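Biologist: Can you put the model up and walk me through it?

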Amino acid sequence: MRDRLLATTATAALLTAGVAVPASAAPPAAGRSGRAAQAGTTPAVPCPRAAAPAASRPARPSPPPGVARDRAVGGMALATAGLVVPPGAPAPPKTTATSWLVADLDTGQVLGGCGPHEYGTPASVQKLLLAATMLPRLDPKQVVTVTDEDMDIEPGSSAVGLVEGGRYTVETVWLGLLLNSGNEAANVLARLGGGVDGAVGGVREMNAYAHRLGALQTHAVTPSGLDGRGQFTSAYDLALIARACFADQTFRRYALTEVARIPAQRAQRTKGFQIQNENQLIYNYPGALGGKTGFTDLARHTYVGAAERDGRRLVATLLGAESQPRRGWEQGAALLDWGFALPRTATVGRLVEPGELWATPTPDPTPPTAAAEARPAAASGPVGGGMSTSWSVGVLVAAATVILLTGLSWRRRVARRNAS
């Protein structure tokens with residue numbers, strides 16, 4: 001546990017280096033109070049909001065307590081409940097979303113966001129985490145038989161039309177999941193990928209994979225995104241998950257598939273039928289790469305959409321949106337337009353790499369004397385006596401480690417004193 005904390009603290013220190021910090025996410029000021037003080041951020045700059053009709057919905061669940069470390073993933077500028085954009089950037093479009101983020105799928109640069117690390121309920125965009133976790137594990141040609149347990153979904157929720165006892169290829173099930181958001185398809189795939197523990201094991205694997213990606217605010221309870229107690233994600237986490245999905249060639253093909261066919265099941269006396277991709281971005285946005293829609297009464301509209309323009313691939317993620325005055329995919333498209341209009345160098349943070357937060361620094365195996373002799377004289381430090389990048393990074397890591405160890409030592413002394 002201590003090693004993990006050390007690695008995370010050191011990584012957080014590194015992520016703050018060289019990132020422009022807008023006024024909306026400046027270092028904490030002394031003396032403030034309320035939610036901003038608890039979260040470790042300055043008072044948030046309000047996000048541009050579009051007026052939406054009042055909607056009747058269940059009370060939102062209480063999110064887990066905020067963890068400053070988790071909110072700093074990707075850079076301290078992202079640790080805000082409000083708007084964060086590059087200095088001098090034009091105002092982003094108004095949305096009805098409670099949080100959103102725009103990022104570059106290739107470089108990992110975060111171009112801007114609204115409450116990037118605020119907790120939200122995912123709805124069916126959670127199926128992207130299922131895809132990122134299970135696509136590499138499952139053979140698309142394998143034929144699977146649907147069970148009664150697979151069909152246990154909320155009445156009236158989205159289903160692709162699989163039938164109990166029906167036999168389908170895994171690829172057909174994936175298309176049913178990603179084109180028509182089939183909740184029974186999610187159960188099938190989670191069961192297959194969960195091994196002996198079935199769908200429960202599949203959800204456990206989803207959470208483990210989210211953790212590895214650095215999506216620390218994501219916790220899946222259902223494989224489909226149907227609401228479950230304690231199920232949360234964030235706009236930043238969705239961007240990490242989407243980046244993993246779009247790195248997979250098979251996912252990219254599925255995401256752009258417009259129509260597919262669910263085969264007839266003669267033993268169950270059902271006819272075959274055609275399904276169509278419900279993500280309108282692929283039909284209406286030039287350069288669209290696909291994504292995922294989502295909706296529950298609790299989560300409202302959630303959306304992930306990606307597109308390519310002039311060799312640049314961006315993704316937009318939204319949580320808690322309303323469908324009026326613009327649908328979720330249209331709000332995502334507007335954010336993509338805004339992102340593509342920014343310079344390629346614009347950034348307020350970055351998407352961390354898989355496993356990065358848990359990687360512990362390893363010592364240099366080369367003895368210091370030998371290393372110094374092996375380096376050319378010009379490489380011993382920058383001209384003018386400044387610090388080299390590797391030296392300054394080492395200082396940041398060492399400083400973070402000393403701070404944490406000092407805190408741990410102080411806590412142990414206090415605990416011993418209190419115990420006596």
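Biologist: What kind of model is it?

Modeller: It is a predicted model.

Biologist: How many helices and strands does the chain have?

Modeller: There are 13 helices and 11 strands in the chain.

Biologist: And how much of the chain is buried?

Modeller: The chain has 420 residues, and 48% of them count as buried.

Biologist: Which way do β9 and β10 run, parallel or antiparallel?

Modeller: β9 and β10 run antiparallel and are joined by eight bridges. One of the pairings is G305 with A316, the latter in β10.

Biologist: And what happens at the turn of that hairpin?

Modeller: The hairpin of β9 and β10 has two residues between the strands. D310 takes a positive phi there, near 55 degrees.

Biologist: How many bridges join β2 to β10?

Modeller: Six, and β2 and β10 also run antiparallel. For A103, the bridge partner in β10 is V315.

Biologist: Let's switch to helix α11. How many residues does α11 have, and how far does it reach?

Modeller: α11 covers residues 328-341, which is 14 residues. From its first C-alpha to its last it reaches 20 Å, close to the 20 Å expected at 1.5 Å a residue.

Biologist: Why is α11 called largely enclosed?

Modeller: Because 11 of its 14 residues are buried, α11 is largely enclosed by the rest of the structure. The buried ones include W329, L335, L336, W338 and F340, along with the glycines G328, G332 and G339.

Biologist: What do the buried residues of α11 pack against?

Modeller: They pack against strands β2, β3, β9 and β10, and also against α10. The β9 and β10 pair, with its eight bridges, is therefore part of what surrounds this enclosed helix.

Biologist: New topic. Which cysteines does the disulfide join?

Modeller: C47 and C114, with the sulfur atoms 2.1 Å apart. The structure holds one disulfide. C47 is in the loop between α2 and α3 and C114 is in strand β3, so by the strand and loop assignment the pair links distant parts of the chain, 67 residues apart.

Biologist: Which hand does the link of C47 and C114 have?

Modeller: It is right-handed, with 105 degrees about the S-S bond.

Biologist: Are those two cysteines buried or exposed?

Modeller: C47 is buried, with a relative accessible area of 10%. C114 is at 0%, so C114 counts as buried too. Another buried cysteine is C245, at 1%.

Biologist: Now charges. How many salt bridges does the count come to?

Modeller: The count comes to 12 salt bridges. In general, side chains of opposite charge can pair when their charged atoms come close.

Biologist: Give me a buried one.

Modeller: R71 forms a salt bridge with E118, and the closest N and O atoms are 2.7 Å apart. R71 is in helix α3 and E118 is in the loop between β3 and α4, distant parts of the chain 47 residues apart. Both R71 and E118 are buried.

Biologist: And one with partly exposed ends?

Modeller: R204 and D197 meet in a salt bridge at 2.5 Å, N to O. R204 has 45% relative accessibility, so R204 counts as partly exposed. D197 is at 42% and counts as partly exposed as well.

Biologist: What about E353, which residue is its partner?

Modeller: E353 forms a salt bridge with R243, the closest N and O atoms being 3.2 Å apart. E353 is in the loop between β11 and α12, R243 is in helix α8, and the two are 110 residues apart.

Biologist: Are E353 and R243 buried or partly exposed?

Modeller: E353 is partly exposed at 37% relative accessible area, whereas R243 is buried at 15%.

Key. Residues are numbered from 1 along each chain as its sequence is written. This is a predicted model: local features need pLDDT of at least 70, side-chain atom pairs count only at pLDDT 80 or more; totals for chains, interfaces and linings use all residues. Side-chain values use heavy atoms; hydrogens and water are left out. Helices (H or I, at least four residues) and strands (E, at least two) are DSSP runs, numbered from the N terminus. The expected span of a helix is 1.5 Å times one less than its number of residues. Buried means under 20% relative accessible area, exposed over 50%, partly exposed in between (1.4 Å probe, protein chains only). Contact means heavy atoms within 4.5 Å. A salt bridge is a side-chain nitrogen of Lys or Arg within 4 Å of a carboxyl oxygen of Asp or Glu. A disulfide is a pair of cysteine sulfur atoms within 2.5 Å. Two strands pair if DSSP finds at least two bridges between them.
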